[in-house]
Amino acid sequence: MLRRPRRNRQSAAIRAMVEETTLSVNDFIYPMFVMEGNNLTSEVKSMPGIYRYSIDKILEEMSVVQDLGIRSIALFPLLAEDKKDKIASESYRKGNVYLEAIHQIKSKFPEIAIMSDVAMDPYSSDGHDGYVDEKGNILNDESLEILAKMTVAQAEAGADIVGPSDMMDGRVRVLREALDSKGFINVSIMAYSAKYASAFYGPFRDALDSAPKFGDKKTYQMNPANVREALIEAELDYSEGADFLMVKPALAYLDIIKSLNDNFDIPIAAYNVSGEYAMVKAAAQNGWLDGTKTMVECLTSIKRAGAKVILTYFAKEYASLTK
């Protein structure tokens, strides 16, 4: 035999030499949860190792994150029910816990890139990502006005990247225009372009107590059966000024990540979501999988599919391995 591919697998040195996909801590955005109060830390039961923090505690945790070499975080808020209403007014109220957290993190850790979450569900009394009318319809254009206010407030607080996760039509253009009109021309938009109506979000909704109070999100999040629709959504976000295109979830949608990477010349992001994290953790705790090896394999598959940026709850764990 003239061709023996195994020759390139003979030693760790040779395998490393020909490795086609390389993970780096620089690839990661670490999702974190902030809540009201002082001196509070609360583990998310369905996400072992992941915690909600009051602002003082998240600032302590940020020192750990930075020391591990993690350079980007995505921040999400947990709010009490009495702070929620139909128009998500808390989302743009100056001084709210979320905006204050962004401000304090950016002030004390200026080298950390902060990605904010633009969606109504953490602030909505209905638990939906858009404005709900009296008949239970999620109204698109009315929601955009609220999302624009939220986006500008987050930029004013110090967000480097805003992440519209709502899946309302036309929101990237509206947010870009709102940011530019207020002078935030350098604030990037990471659009959740192909966000599917997935069963993998359960632990995240537990973390933020943000599940819909009625119905589901299928009128705005995408059908898991569809590929071409993802290209339509991505093309719209690209044309409206998105700086990154995201696929969410990641592991069950590697083909979508590849499709977007093949068709667009801006960075593709993927969100390795809470349910994907929880499955690996649960299997590892039961001794069914090697948790560390499975984590690395999962993250490598996302990078191999074409994701330049990976939002993952494994960021700290992976960084600890490579520190």
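Visitor: What percentage of the 323 residues in the protein is buried?
Guide: This is a predicted model. A residue is taken as buried when its relative accessible area is under 20%. By that criterion, the buried share of the 323 residues is 53%.

Visitor: How many helices and strands does the protein have, and why is it as compact as a globular protein of that length?
Guide: The secondary structure consists of 11 helices and 12 strands. For 323 residues the globule rule gives 20 Å, and the protein is as compact as a globular protein of that length because its radius of gyration is close to that value, at 20 Å.

Visitor: Among contacts between residues at least 6 apart in sequence, what percentage joins residues at least 24 apart?
Guide: A contact requires heavy atoms within 4.5 Å. Among such contacts between residues at least 6 apart, the share that joins residues at least 24 apart is 74%.

Visitor: How far apart are the mean positions of the positive and negative charges?
Guide: The protein carries 38 positive and 46 negative charges.

Visitor: Which glycine does Met-190 touch, leaving aside residues up to four places away in sequence?
Guide: With those neighbours set aside, Met-190 touches residues including Ile-29, Phe-244 and Leu-311. Also among them is the glycine in question, Gly-163.

Key
Residues numbered from 1 in each chain as written. Predicted model: local features only at pLDDT ≥ 70, side-chain atom pairs only at ≥ 80, totals over all residues. Heavy atoms only, no water. Helix = DSSP H or I, 4+ residues; strand = E, 2+ residues; numbered from the N terminus. Rg over C-alpha atoms; globule rule 2.2 N^0.38 Å. Buried < 20%, exposed > 50% of the residue type's maximum accessible area, 1.4 Å probe, protein only. Lys, Arg positive; Asp, Glu negative; His and termini not counted. Charge placed at Lys NZ, Arg CZ, Asp CG, Glu CD.
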